[in-house]
Amino acid sequence: MRIGLIVEGSYPYVSGGVSSWVHTIIRQMPHHEFHIISINPSSYTEEDMQYRLPPNVTGLHNLILNQDQKKRSKKRFVLEEGDVHSLEKWLMFEEVDTNALFVMGEVIPSSDRYFTSRAFYEMVKKSYHLEPHHGSFIDFLWMWRGMFEPVIRLLQQEVPEVDLVHSASTGYAGLLGSYMAKRQRIPFYVTEHGIYSREREEEILKASWIPSFYKKHWINFFHHLSRQAYKEAHQILTLFENNQNHQLEIGADREKTAIIPNGVDYERLSRLPVNETESPFRIGAIIRIVPIKDVKTMITAAKILEQRGRDFEWIIMGPLDEDEEYTNKCQILIKQNGLQNKVKLVGKVDIAEYLPTFDIGVLTSISEGQPLAVLEGMSAGLPFVVTDVGGCSELIYGRDDDPFGPAGFVVPPVHPDLVADRIEWLMDYPKERKHFGENGRKRVAAFYQYHHMIDQYRELYQIGGTVYGGHRI
């Protein structure tokens, strides 16, 4: 079976997180062919790849948001009354209607021609009079164009023919998956690691470039994209229960939803030796050096520990070139605090070489799904201090059916003082620290091994290839 995997801003050009999940899925299912459809804000080349594509990847299709479409006929186009109605309902967030996707993808000649048409003007004018706002009509019109131009351009780009389409998020990836599923008459699965529309909502509320009176419209837009994906998907998957609850709140059908947790190579990682050295105390962090991981909180917590006279070394592992501006700010902060001998950004490394040298792991993200880095560290027997985001609390304290005890501590985001407090406690109580590490190791063995995850996706693909896909196996 040929599976189209749609990713947005990740594989194979960004390492870690969703990309690691995608790479594992592909490698563990060599009997399936995979075609990667990668949506990005700008173009990438083969040199930008962070992964070597497995041999069962039969194609890599790069789509660029807002890329100009191929020139279409310049003949005058007229939308049928039904098309106008479904398009209006979709663009005004009143309905999620697949016919509107076909109108945008196939009937409209180009985004430029649509956005200069009388039909678009009248629709925006209608919306302007219906919605509470404080901006000018011209600004309102350009907001609409900025919002929907990437949608039309994305739907009008060429995509490969596949037997099943699987999106690693909602958003633009989920929208394209919805369109491909209906157009090619194939099953569609969507897996959300984090809840895409809620993550965009957080970003929009903080954004200074969006006028406050337009923020609600942008937030509604991304929730609208999620509802479209939920409507068309045969299966709506996520990693933990809290995420599933968010999906249901946004509009997912409970009958379609299921939880498939992340999985890691427990057998390999659990055999790594445990650090037996007493000093300095070694702290590890496996992250991407980007703002959402909040490396600055780690650096501030390190300064607090130093001021308390603690002997430690904090190793932060992860690529340094994903957000070079943020990496430079972190390096400057380390230098300003005189922590060069305490905190080290070592770049992308083989974690199997580093995990046995650590006493604990730390994750201070301000947003997460179900972090693979924590599962990997727990497999090696590390207790963790993590922030209360995504599925982190579930990993540390366990689910309702979990017989194991805590595997560390959970603190609120952006609280370096609490991070430092919990690290100090783990420093002072080595016996309890070891016990926490064993709890985490047992939890991963029971619930989070990658073969658990692969077996469930293998079964779903089997169902998609037979029941939905006309025996495409």
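**Exercise 1.** Sort the lining of the second largest cavity into nonpolar, polar and charged residues.

*Solution.* Start with the classes: Ala, Val, Leu, Ile, Met, Phe, Trp, Tyr, Cys and Pro are nonpolar, Asp, Glu, Lys and Arg are charged, and the others, Gly among them, are polar. Next, list the lining: Leu155, Gln157, Val159, Leu176, Tyr179, Met180, Arg183 and Gln184. Sorting gives five nonpolar, two polar and one charged. The largest share of this lining, five residues, is from helix H7 (residues 171-184).

A word on the model before you go on: it is predicted, so local features need pLDDT of at least 70 and side-chain atom pairs count only at pLDDT 80 or more, while totals for chains, interfaces and linings use all residues. Residues are numbered from 1 along each chain as its sequence is written, and side-chain values use heavy atoms, with hydrogens and water left out.

**Exercise 2.** How many cavities of 30 Å³ or more are there, and what is the volume of the largest?

*Solution.* First, the rule: on a 1 Å grid over the protein atoms alone, a cavity is a set of points where a 1.4 Å probe fits but cannot get out, and lining residues have an atom within 4 Å of a point. A volume is the space filled by probe spheres set on the points, which are joined across faces, edges and corners. The count comes to two cavities of 30 Å³ or more.

Now look at what surrounds the largest cavity: 14 residues line it, with Gly284, Ala285, Ile286, Gly361 and Phe384 nearest its centre. Strand S8 (281-286), strand S11 (360-363) and helix H15 (372-379) are the elements that each give two or more residues to this lining. (Helices, H or I with at least four residues, and strands, E with at least two, are DSSP runs numbered from the N terminus.) By class, the lining has 11 nonpolar, three polar and no charged residues.

**Exercise 3.** Which kind of aromatic pair do Tyr128 and Phe137 form, and which kind do Trp425 and Phe436 form?

*Solution.* Rings of Phe, Tyr and Trp (its six-membered ring) pair if their centres lie within 6.5 Å; planes under 30 degrees apart are stacked, over 60 edge-to-face and the rest tilted. The whole structure has 34 aromatic pairs. For Tyr128 and Phe137, the centres are 5.3 Å apart and the planes at 85 degrees, so that pair is edge-to-face. For Trp425 and Phe436, the centres are 5.9 Å apart and the planes at 15 degrees, so this pair is stacked. Trp425 is in helix H17 (residues 416-428) and Phe436 in helix H18 (residues 430-447), so the pair ties together parts 11 residues apart in sequence.

**Exercise 4.** Is Ser10 buried or exposed, and which residues does Ser10 touch?

*Solution.* Find Ser10 in the loop between strand S1 (2-8) and helix H1 (18-27). Now use the cut-offs: buried is under 20% relative accessible area, exposed over 50%, partly exposed in between (1.4 Å probe, protein chains only). Ser10 has 7% relative accessibility, so Ser10 is buried. Leaving out residues up to four places away in sequence, Ser10 touches Val18, Ser19 and Asn40, where contact means heavy atoms within 4.5 Å.

Terms used: On a 1 Å grid over the protein atoms alone, a cavity is a set of points where a 1.4 Å probe fits but cannot get out, and a pocket is an open set with protein on both sides within 12 Å along at least five of seven lines; lining residues have an atom within 4 Å of a point.
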